[in-house]
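Have the viewer open as you read.

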Amino acid sequence: MQHPRPAPMPPGDSARGAELDAALRTFAALPANPPETAFETRQGVALVPPPGAIRLCDLATCLPAWGAAATDGTPEADDKLRAAYLIGRLAPAALRPFAALMLAGHLPAHLPAEALALTLRTEPWQGADRLYQIAIFDVTLLPGIRLGAPDGAAAGDAIAGLFAPVVTLLSRAWRLGPAALWRLVGDALSQLLLEEGRRRDEVERASALALEILHREGSPLHAPQLRFTDVSLPERPDISERFRVRGGCCRYYTVPGGSYCTSCVLRDDESREDRLRAHLRATRLTA
């Protein structure tokens, strides 16, 4: 994960430069972890959106194009799948910077949708049948973000405020219910926190923070079925890893030939754990 330094302040722009508050400076000061692949979100800090970027509050201006990009290679995609796929890409991109901040002790207190800008780029990926163009969203943090929420509940409210206009727009445009969209936002947040927890060797704290936010009744992000599970290999109990079981569904199962994802809320526990153990054997087990 990359944490670039703030963009240089234009001459005579000291007033606007003052708006680039402690939240963004804190983000910029975090240790840099360059993206490992071209498919990871690139992150930046700036006073104004970079060329081609769209503020999250202006998503309506590019909705058809971004929806088509998110479902490239899925000509059978209906509107509900398009909504699920798009928020399934937007949410991880927009929230990625905040996972690192949150586990560094800087909980978001105010996240206005106009303070995040996203830029769509595509990266080629050779599938079994053809060359795909994978939609990647890069994020730029802009003035207006505040950190310092007192607890996970307040941080959850800030995150809900960020995505409220997005959920409303997608639900009205493509008829996927708000609850389904909110759970996909929660899935993104919980996975990002878990990944950051692994990097910091703080998996327990990351998991607890995710559940504090996503199990709070009354919050739009409430996802009671989301949880974490520890999976180990019977033949090697020392090989174990924590995984997130999703509270929502990306609707891939609705595509011809599609199925439930490994972590899908709709998959049964036995088949999920079988698949996760297979993953551990493929990635962790040595001869």
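Axes here are lines fitted to C-alpha atoms, for helices over the stretch in contact, and angles run from 0 to 180 degrees between N-to-C directions. Helices are DSSP runs (H or I, at least four residues), numbered from the N terminus. This is a predicted model, where local features need pLDDT of at least 70 and side-chain atom pairs count only at pLDDT 80 or more, while totals for chains, interfaces and linings use all residues. Residues are numbered from 1 along each chain as its sequence is written, and side-chain values use heavy atoms, with hydrogens and water left out.

Here are the helix pairs:

| Helix pair | Axis distance | Crossing angle |
|---|---|---|
| α3 (residues 63-70) and α4 (residues 79-103) | within 8 Å | roughly 90° |
| α6 (residues 178-200) and α7 (residues 203-214) | within 7 Å | roughly 160° |
| α5 (residues 152-174) and α7 | 8 Å | about 65° |

Let's start with α3 and α4. Their axes cross at roughly 90°, which makes α3 roughly perpendicular to α4 (angles of 65 to 115 degrees count as that, and over 145 as roughly antiparallel). Contact means heavy atoms within 4.5 Å, and on that basis Leu63, Trp66, Gly67, Ala68 and Ala70 of α3 touch Arg82, Tyr85, Leu86, Arg89 and Leu90 of α4. That contact has seven nonpolar, one polar and two charged residues. For the classes, Ala, Val, Leu, Ile, Met, Phe, Trp, Tyr, Cys and Pro are nonpolar, Asp, Glu, Lys and Arg are charged, and the others, Gly among them, are polar.

On to α7 and its partners. With α6, the axes cross at roughly 160°, so α6 is roughly antiparallel to α7. The α6 side of the contact includes Gly186, Leu189 and Arg198, and the α7 side includes Val203, Arg205 and Leu214. By class, this contact splits into nine nonpolar, four polar and three charged residues. With α5, it's Gly152, Ala153 and Gly156 that meet Leu209, Glu212 and Ile213 of α7.

Arg82, from the α4 contact with α3, lies over the face of Trp174 at 5.9 Å from the ring centre. Arg198, from the α6 contact with α7, lies over the face of Phe243, at 5.9 Å from the ring centre.

Definitions and conventions: Helices (H or I, at least four residues) and strands (E, at least two) are DSSP runs, numbered from the N terminus. Angles under 35 degrees count as roughly parallel, over 145 as roughly antiparallel, 65 to 115 as roughly perpendicular and the rest as oblique. A charge sits over a ring if NZ of Lys or CZ of Arg is within 6 Å of the ring centre and within 35 degrees of the ring normal.
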